[in-house]
Amino acid sequence: MSRSSGDQVPPATASGDRLAVIASHLSSSRLGSPASMAGEKDAALAAEPVDGPTMKEISSQVVYEDQKILAFRDISPQAPIHIIIIPKVKDGLSRLSKAEERHVEVLGSLLYAAKIVAKQEGLEDGFRIVINDGPKGCQSVYHLHVHLLGGRQMNWPPG
């Protein structure tokens with residue numbers, strides 16, 4: 001799907017709803033668990049930054065795709081609407097603090113995609129964008145990704 005085609009949901013991929021997604025979102029032990037935040041913290045503290053592949057194929061629903069960005073429903077949602085938005089090419093973007101000037105365009109594309117997906121999902125009243133960075137930021141997957149959370153009242157402070 002290209003941006004010029006509007007804010008519509010893309011058709012199913014050739015492989016149905018199977019896609020490559022971030023590996024840490026695969027742990028079924030955290031799914032729907034009230035202790036999932038503790039599990040995320042433990043996973044983040046145990047995670048090691050890697051430059052190699054961080055993707056694995058699982059079943060998930062793609063909600064947006066263009067030439068640079070892929071967005072899909074999180075399999076361990078922390079809100080009624082929880083979408084993961086990733087750049088299709090890692091290009092050294094293991095975490096936001098590692099971004100360089102050459103990443104400006106893809107970083108903008110991630111946020112623009114979040115806006116499109118939020119609109120598709122009916123989140124006109126508001127939503128939250130989260131980017132975890134490093135162990136103390138609770139990052140457990142070292143492939144930059146954006147969490148789009150909505151469908152309920154968010155609280156402050158968030159963490």
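This is a predicted model: local features need pLDDT of at least 70, side-chain atom pairs count only at pLDDT 80 or more; totals for chains, interfaces and linings use all residues.
Local features are described only where pLDDT is at least 70, and side-chain atom pairs count only at pLDDT 80 or more, while totals for chains, interfaces and linings use all residues. Residues are numbered from 1 along each chain as its sequence is written, and side-chain values use heavy atoms, with hydrogens and water left out.

Let's start with the sheet. Five strands form an open sheet, in the order β3-β4-β5-β7-β6, with antiparallel pairing. Strands here are DSSP runs of E with at least two residues, helices are runs of H or I with at least four, and both are numbered from the N terminus. Two strands pair if DSSP finds at least two bridges between them. Which strands stand at the edges? They are β3 (62–65) and β6, and each has a single partner strand, so one side of each is left without a neighbour in the sheet. On average, neighbouring strands of this sheet are turned by 20 degrees against each other, direction ignored. Such angles come from axes, which are lines fitted to C-alpha atoms (for helices, over the stretch in contact); angles between N-to-C directions run from 0 to 180 degrees.

Now follow the strands across. A hairpin of three residues joins β3 to β4, and these two antiparallel strands share three bridges. Look for tyrosine 64, which stands opposite alanine 71 in β4. The next pair, β4 and β5, also runs antiparallel and is joined by five bridges; here arginine 73 stands opposite isoleucine 83 in β5. Further on, strand β5 (residues 81–87) pairs with strand β7 (residues 146–150) in the antiparallel sense over five bridges. In this pair, isoleucine 85 stands opposite valine 146 in β7.

A helix joins the picture too. Helix α2 (residues 104–120) packs on the sheet and touches β3, β4 (69–73), β5, β6 and β7, and its direction makes about 155 degrees with that of β5. Contact means heavy atoms within 4.5 Å.

How enclosed is β4? Four of its five residues are buried, so β4 is largely enclosed by the rest of the structure. Buried means under 20% relative accessible area, exposed means over 50%, and partly exposed lies in between (1.4 Å probe, protein chains only). Histidine 82, in strand β5, counts as buried because its relative accessibility is 6%. Leaving aside residues up to four places away in sequence, histidine 82 touches Phe72, Arg73, Asp74, Ser76, Pro77, His147, Leu148 and Leu149. Histidine 82 and phenylalanine 127 are 45 residues apart in sequence and 9.9 Å apart in space, C-alpha to C-alpha.

Next come the charged side chains. Side chains of opposite charge can pair when their charged atoms come close. A salt bridge is counted when a side-chain nitrogen of Lys or Arg is within 4 Å of a carboxyl oxygen of Asp or Glu, and the structure holds six of them. One of these links lysine 88 to glutamate 65, with the closest N and O atoms 2.8 Å apart. Lysine 88 lies in the loop between β5 and α2 and glutamate 65 in strand β3, so the pair ties together parts that are 23 residues apart in sequence. Lysine 88 is partly exposed, at 37% relative accessible area.

Another salt bridge joins glutamate 105 and lysine 68 (2.0 Å, N to O). This pair links distant parts of the chain, 37 residues apart: glutamate 105 is in helix α2 and lysine 68 in the loop between β3 and β4. Glutamate 105 is exposed, with a relative accessible area of 52%, whereas lysine 68 counts as partly exposed at 32%. Arginine 102 also forms a salt bridge, with aspartate 91, their closest N and O atoms being 2.6 Å apart. Asp91, Glu100 and Arg102 are linked in a network of salt bridges.

Leu96, Leu111, Phe127, Ile129 and Ile131 make a nonpolar patch of about 380 Å². Patches are made of residues with over 30% relative accessible area and no salt bridge, joining like charges within 9 Å and nonpolar side chains (Val, Leu, Ile, Met, Phe, Trp, Tyr) within 5 Å. Accessible areas come from the Shrake-Rupley method with a 1.4 Å probe, and for residues only the protein chains shown count as cover. Isoleucine 129 lies in strand β6 (residues 128–130) and counts as partly exposed at 32% relative accessibility.
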